[in-house]
Structures are given as C-alpha cells and as structure tokens.
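Here is a short report on a predicted model.

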Protein chains: 2
Amino acid sequence: MPLIVQKYGGSSVANAERIKQVAKRVVQTKRKGNRLVVVISALGRTTDQFLKIAGQVAERPSEREMDMLLATGEQASVAILAMAIQELGEKAISFTGPQVGIITDQSHTRARILDINTERIRQALRGGNIVLVAGFQGKTVTEEITTLGRGGSDLTAVALAKAFHAKQCEIYTDVGGIYTADPRVVPQARKRSRISYDEILELASLGTQVMQARSIEVGKKFNIPILVRSSLNHACGTWISKEIPNMEEVVVSGIALNQDEAKITIFKVPDRPGMAAKIFKTLADDDINVDMIIQNKTQTNLTDISFTVFKSDLKRAMDSVKKAARLVRARSISCDQDIAKVSIVGVGMKSHSGVASKMFGVLAKNKINIEMISTSEIKISCVVRGTKGKLAARAIHQAFGLGKK
Amino acid sequence: MPLIVQKYGGSSVANAERIKQVAKRVVQTKRKGNRLVVVISALGRTTDQFLKIAGQVAERPSEREMDMLLATGEQASVAILAMAIQELGEKAISFTGPQVGIITDQSHTRARILDINTERIRQALRGGNIVLVAGFQGKTVTEEITTLGRGGSDLTAVALAKAFHAKQCEIYTDVGGIYTADPRVVPQARKRSRISYDEILELASLGTQVMQARSIEVGKKFNIPILVRSSLNHACGTWISKEIPNMEEVVVSGIALNQDEAKITIFKVPDRPGMAAKIFKTLADDDINVDMIIQNKTQTNLTDISFTVFKSDLKRAMDSVKKAARLVRARSISCDQDIAKVSIVGVGMKSHSGVASKMFGVLAKNKINIEMISTSEIKISCVVRGTKGKLAARAIHQAFGLGKK
C-alpha cells in the first residue's frame, strides 16, 4: 500500500471546526487505500502566546527551556487531531518527535535532524493506524527536547517522507500552491502546476514564504515529490520536483517582490584588497544578514560599496556599519529605506538568452530606473524605487506572459 | 545539604506575575542552603481549555490521546518557571515526567507510579541546579505518556520527596493551610498548625479539597512530613504528619460540611440476605459512587434502605436505582436533595469517650433533627436538613472549642 506524508500548518488546525475538516481529509486519503503519516504544527496562535509569556518572565529565555515550552504546542495538536480522526471511526495514534525517535543535534531552537528511528511508526502503521507525528521537534541522544526552527514542521514532514520512502509529501497551507507572483501585488498571478526545487529555493530566498527552505533542500537532495495545496478546498496544488525537460520551455516561472529591505551605501572606501572583507566580517560578527552587494569604483583609489539588509535589522546594521566604516577609513555612509527588489526566477534562463535584457527593457519602457542588479544562474533581481515596485512586478509579469490564460 | 520538594498548583502560576513570585520564593529557599526539586501544575486554566477543545472534536476522546494532550500543560509550566528562575540568576533546569523516569502502569488518565529513576535529577542537582519537574505525568515502560488523575501533581511531589528522602514536601495552594472548618461556612474557623495523615484523609473523603487523597496516603506510608501553605504570603501553613502524643489532646481537629449530596431511599425491600448486595452491585456496575448507607428495619420481612450519592450523579443514580428496585421487588423509591452532611474528624476520638453524644447534644440543643448517622474510628457524620447545615457546623465548631482563641 503506498505511503503518503501529509503536513498541516497551524492555520489548518486553528480551531475545532478546522481540526474536524483536517480529520475528514486525512480519513478520505486513508480510505482511498493509502498508509498515512501526518505531521501537524501547533494550533493557531499557540506559539505566539508561548513567546509572549516567555518574554514576560525573562529578558533572554534560555534556548533549552524555550524548546521545552514550544514543543508542547505540536504535542497538543497531534493529540487533538487523533481524537478527531478516531471520532470518524478510523484508528489513529499520535506521537511526539522524541517518541518516534527523531534524533537531532544539540542546537536548541534550530536543531538539525541526524536520524529517524522508524521502528515505532512502522509498528503503528502495521497495526492499521493513521500515524500522527508532532512537527518541529526531536530529541538529542541524551533525551533533551529540541526544536527545528521556524517552519520546522515542513522539515519533519519531508524527513519522514524520506525515511519511509513515501510516494509523496503533501504540504497543506492556506495559500494553496505556488503562484507566478503574489496575487495581492499582481492580480493576474496564476497558480503554477509544477515548479522545480531550485526555483522554489530561489523564491524562498527572495521572501516567498510557502515552505521552509531547509525542507526543500532535503526534498531536492532525496528527490521527494512535494505537493503544496490548500487544506480548505480540493483544488490542485503545485508539485515541487526536479527539473523535467519540458519545464525549460517556461523561461520565467515566478516573480517576487520584496519591500522589506533597505539599502546602505559606504562611500569612498580605499580601493585596496581586504576592504570588503573587513566590512562584511564586522557585519557578520554582529549577526547582520546581508543580501545584495554591489561595488562601484567611482574614482582612482576610492570605491563605493552598497548592499541591502532587512529593514527589521536596519538599526543594528547601521551601528555595525559605522564601526566598519571607521575601520576601513571610509568617507561617509547613507541609508535608503525607500527601495523595492523585484526578481524573476526560472530554470529556463539557463538555456534561453536575452532574459535579462528583456527584463531591463520592460523596466525602461515603464520609466523605472534600475539602482542595483544581481543575478544567479536562474534568477535576476533588480532594486528600484520603493514606489515603483508593484508597477515593475506587474509589467514584468505581463511581459513574460505569466498571467491567467 | 537538605533537600526540599515544593509543589505549586495551577493558581500559583496563573500568569506571568504569579510565576515571577513563585520564582522568587524558589530562589529564596535555595539561597537558604537547600537543594530543591520543584513540581508544578499546568498554568491557570490550561487544563480546562484542553478539556473543552477535546470535547468539541470527539464525544469520548481516547484516554491515551487525552494524556498526550493534558501532559503538555505541565511541560509548558516547568519551562516557563525555569526561565523565570534563570532570570533571577540561579541555575535551573526543567524536565517532563517521562524525562526523569517517572514510570507508571498503563492506566491512562489515572496511572499509578511504579518507580522513579532518580539518576537524571541527581545529576542535575549535583550540577547546582534547581530541578523543575512537570507534575501529573509519567510514562509506561513502552514510552507511552500517562497522567496521574486529578490532583496528580501532589502525587508527583510526594513520590519525589520519598524517592529523594526529602526533609519535607511543601504544597503551595491559595488556601494556605488546613482549617478547623471552611471559613466561608464558619467565620471562626482557625488554621491548624498540625494535623495527622488519617485526619486529613478523612477530611479529604468528606470533600475538603486541600490535597489529593492518594498523595496523602503515600505521605503516610513513607512518613513524609508535608507542609501545606500559601504561595501568596509567608504565613505558617499546616504540617501533615503522623500522630504525635499531644495531638490526642485535641479531640476534634476539624469540621466538614458537605452540601453536594442527595439522599435516596428504597422502601420496603424484602428483608432477606443478599438484597443489599444486589442493590449496590447494580449501582457499582453503573459506576455510581455511594457514600453513607443506612438500613432501617421498619416492619416484619420488609426493610428501608437509604444512602447518599453526589448530586452531580443523581440522574444516573436514580436510573440505576429504578433497575435495582425492580430487581429486589421493592415497593417504591424516593429522593431528597435538600440535605447537608456535617462531620467531625479527630484522632482524639479514639481515646476520648462521649464525643458522639456531645455532637448529638449540640444538634438537639439547636433543634436540628438528625436524619442519618455514620461513624468511623476518627469521624462522625450526621445528615441534617439542608437549611440547617451551616447552623449545625457553626454550633459544633463552637461547642468543641475550635474557634480562634
């Protein structure tokens, strides 16, 4: 009998009514002749409530105790879903991550899965049970409870799909799939029926929050077919899989607009080897994530360096940049929050030329100035004025023929 | 260094402010030169919320899944308290019941502790930690999560006190001790400084909810000194210990008033051997708890049997009694909800005569009719009209000199 892993996010189990809907869908899948392992996140806003009370009792709650606390959310979800499934007349049994032997390293709040001991789940499956596993959690070899970081339930699901050689891993969200662009920005956006691991990874790094990036990496590494779909309806979702030949016919598979970044420029840095290294080591030491980096040589022996950071990190970043600027004896610094980054992603770029020039042409035709450019093998990102972001995304979306047919 | 076990109930950790207060008290105890194991219940109304959502998704939630769900409440509490203690600069570490090897039988929702593996806690204590243990929970030998039933955190605390040969076990409640009577009923009620295990057991069976009865039994069996006190102030509480000689000078140590019972009478039961057995087996099979039983032979070959049940069970009890009455061919049945049971408890009764007659005399003097009487070695209970319950309790309290001095 084929085995399917399903994962339901927190909003899918936000209240009793939703939980019953999920139970019904799980039972339907089972009755179609599948064995089932189901991974669930914490109910609705449980995690936020825990973070709030932790913040009330401690300035910097210990990460070990944070894991003890947060792991309870998923444990509660699986128990409640098990009850709801049993109520529909199917056998179900819930387990915590530690109970089913999801062994991780010791990095509390961001642990990595080292191994999964499959015996307990196998036994429960042999007993005809739908097996429910609390997402997001595991234990160390010394029986300490750990959690896998934000989006960790996705990772639990993909890792279980790998461990059990599942036919597929289904990720249920309220979004229902992966779109050519964010429908709130580009009304013509269309749900893709298929996308490659690499494309979704690029989109994830551009801020498209559909699945945790690490879980996609695991899916890619072990070639696990992942289906992203809605828990609210039975519409087709989006398959994430490796590239297949005709995929390349689609040159651009998605557009991402990111308005959460700010641009920092350090002016007149002495143009000598090691200057960039000094600057970005200072930022890294202060735990500032840097995205795009552009260096422009403006005059003899001096250069300007620009880069983008998340607006939420901006205050800390500026403090760090001031230190760095002193260190390399740069002239001055500036910061610009009014920017937008628009990106196109597609494996087809590898074999199609002229994609970049087409994108730049569309922007030019719409009188949108490009301030920064950065590219990878399957991605092109342009930074434009913040006020032009949506216009840029819509124009590019249309130019590449991504809209609804 | 002496070791103390402390247990804080759900209301002691109802919100962030209360949790910080508990943390402060725990740290004070530690800094006085004690080693500390602290047991905590679920935060505030967590358990009620879990029961509610379980009831929404299933008519009869499976007991195994109920344990998975409920056990999360105490796990969350210990983690949060650990953070609050660490914030005060002391080392603390939290554990679930399963993590510290509290091994129970397989009776989900009412498991019994079979064994406690003390190694993990010992190691944490050696490391200078305040050790926090989630109350109310354990695991079976097959790693299934179990809970110990209502008041189970008391049992966790007393069992840990036994396993670690603790100097004492402190139970923190909002009540702050054990009183000669419920202060809401008898304003003159006084906090006892000391009471015996047997007396508190009798009081517990009479409905005085201070500690779970099973945990007192364990305390008695292993002679563990238990101190019941308030988490809100530093007032002296009440010591529960074995009888000590001068205890007997106090003839009556407490009065209990129970207005939660109803009286059922089965009239004209054939007066033959086996009739009572048939009636009460029927009730037991229907899971009805029966308290006092009185049989009165009223005429040749016929007898009346009266007994009390909890009002909350009354509807089910009457259904069951109808079956029983048919079975023994009794004439009729009646039910009376307007009763009160007033009881006096005291180890001194064993060596003092005339206690019962003094109690009956007080009731007579106050023109209170006695409808049923039941006694044990250290307890006398009388059923009176419901409207006379409070008057009876106050009069007896005064007659035995229990009031504030």
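## Strand pairing in chain B

B:Ile171 stands opposite B:Val228, a residue of β11(B). The pairing behind this is parallel: strand β9 (residues 168-173) of chain B and strand β11 (residues 226-230) of chain B share five bridges. β11(B) also pairs with strand β12 (residues 238-241) of chain B. Here the strands run antiparallel, with three bridges. B:Leu227 has B:Trp239 in β12(B) as its bridge partner.

The two pairings, side by side:

| Strand pair | Sense | Bridges |
|---|---|---|
| β9 (residues 168-173) and β11 (residues 226-230) of chain B | parallel | five bridges |
| β11(B) and β12 (residues 238-241) of chain B | antiparallel | three bridges |

## Chain A as a whole

Chain A holds eleven helices and 20 strands. Its radius of gyration is 23 Å, close to the 22 Å that the globule rule gives for 405 residues, so chain A is as compact as a globular protein of that length. Along the principal axes, the C-alpha atoms of chain A fill a box of roughly 75 × 55 × 35 Å. Of the 405 residues in chain A, 49% are buried. Take the contacts in chain A between residues at least 6 apart in sequence: 75% of them join residues at least 24 apart.

## Where the chains touch

The contact takes 29 residues from chain B and 29 residues from chain A. On the chain B side, the elements that give two or more residues are α1 (16-31), α2 (46-57) and α3 (63-87). α3(B) gives the most, with 14 residues. By class, this side of chain B has 17 nonpolar, seven polar and five charged residues.

Methods: Residues numbered from 1 in each chain as written. Chains lettered and ligands numbered in written order. Predicted model: local features only at pLDDT ≥ 70, side-chain atom pairs only at ≥ 80, totals over all residues. Helix = DSSP H or I, 4+ residues; strand = E, 2+ residues; numbered from the N terminus. Rg over C-alpha atoms; globule rule 2.2 N^0.38 Å. Buried ≥ 20, exposed ≤ 12 C-beta atoms within 10 Å, placed from the backbone. Contact = placed C-beta atoms within 7 Å. Pairing = 2+ DSSP bridges. Nonpolar A, V, L, I, M, F, W, Y, C, P; charged D, E, K, R; others polar.
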